[in-house]
Amino acid sequence: MITASDLPDTIPVFPLPGALMLPRARLPLHIFEPRYLAMIEDCMKTKTRLIGMIQPRETPGGEKRLQAIGCAGRLTGFSETEDGRYMVTLSGMSRFRVRAEVQGFTPYRRCLVEWSPFGRDLSREDETDPGFDRPAFLAVLGRYLTTLNLATDWDSLKEAETELLINSLSMLCPFTPEDKQALLEAPSLSTRRETLVTLIEFALRGGANDEVMQ
């Protein structure tokens, strides 16, 4: 178990558009670029085995920067394919705030980070959402999945723990990187659920269009 005192000041980061990591959730990744293969190999040599997932952003001048907040996951699953690719699983540990990007000799990016704003993330207990109305939530989710022609296991959704349900859908739904960032930065599970519902309802209205999707 990782505690606050175990968290390093500097971590490798993986800027992957649209990939959302959340505390106590799992994120599978397919690694094939040489720089990220090196990142995985270096990560496995460390005590905490942490990798920061973060959204890249491009400035008006075309410069590639990073969002201010990301989420670190612990490397808990690893397998190698015959052609040298890695299939890994990250288990979400804690969000972090980027203090500065570290310049060095690694082919991948690293950041000096701050963990203290997100002390609740390391808790082993699931976060609760007292205002969660599961039937109403599943109703709007059902309309959304229908518009995307996606099937799901409704029995599992009805029985899933609230945090697992909200966080899994936040990670899996095909929202923009900016929307994913808003879900990541939500200060509570209730706020994340409200953000998620807003994004779903916006999609059902046809995004920027006024016509409601049927």
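Biologist: What radius of gyration does the protein have, and with what value for a compact globule does it agree?

Modeller: In this predicted model, local features need pLDDT of at least 70 and side-chain atom pairs count only at pLDDT 80 or more, while totals for chains, interfaces and linings use all residues. Residues are numbered from 1 along each chain as its sequence is written, and side-chain values use heavy atoms, with hydrogens and water left out. The radius is taken over C-alpha atoms, and the globule rule is 2.2 Å times the number of residues to the power 0.38. For 214 residues a compact globule would have a radius of gyration near 17 Å, which agrees with the protein's 18 Å.

Biologist: Which pattern does the protein follow along the sequence?

Modeller: Helices (H or I, at least four residues) and strands (E, at least two) are DSSP runs, numbered from the N terminus. The protein has six helices and eight strands. Read along the sequence, their pattern is β-β-α-β-β-β-β-β-β-α-α-α-α-α.

Biologist: Is helix 4 oblique or parallel to helix 6?

Modeller: Axes are lines fitted to C-alpha atoms, for helices over the stretch in contact, and angles run from 0 to 180 degrees between N-to-C directions. Helix 4 (residues 162-172) and helix 6 (residues 189-204) have axes 10 Å apart and pack at an angle of about 45°. Angles under 35 degrees count as roughly parallel, over 145 as roughly antiparallel, 65 to 115 as roughly perpendicular and the rest as oblique. The angle of about 45° therefore makes helix 4, relative to helix 6, oblique.

Biologist: Which residues of helix 6 make the contact with helix 4?

Modeller: Contact means heavy atoms within 4.5 Å. On helix 4 the contact is made by Thr162, Glu163, Ile166, Asn167, Leu169 and Ser170. On helix 6 the residues are Leu189, Arg192, Arg193 and Leu196.

Biologist: Is arginine 193 buried or exposed?

Modeller: Arginine 193 lies in helix 6 and touches Asp129, Gly131, Phe132, Phe137 and Ile166, not counting residues up to four places away in sequence. Buried means under 20% relative accessible area, exposed over 50%, and partly exposed in between (1.4 Å probe, protein chains only). With a relative accessible area of 14%, arginine 193 is buried.

Biologist: Which residues of helix 4 make the contact with helix 2?

Modeller: The axes of helix 2 (residues 134-147) and helix 4 come within 13 Å and cross at roughly 20°, so the two helices are roughly parallel to each other. Helix 2 contributes Arg134, Phe137 and Leu141 to the contact. Helix 4 contributes Thr162, Leu165 and Leu169.
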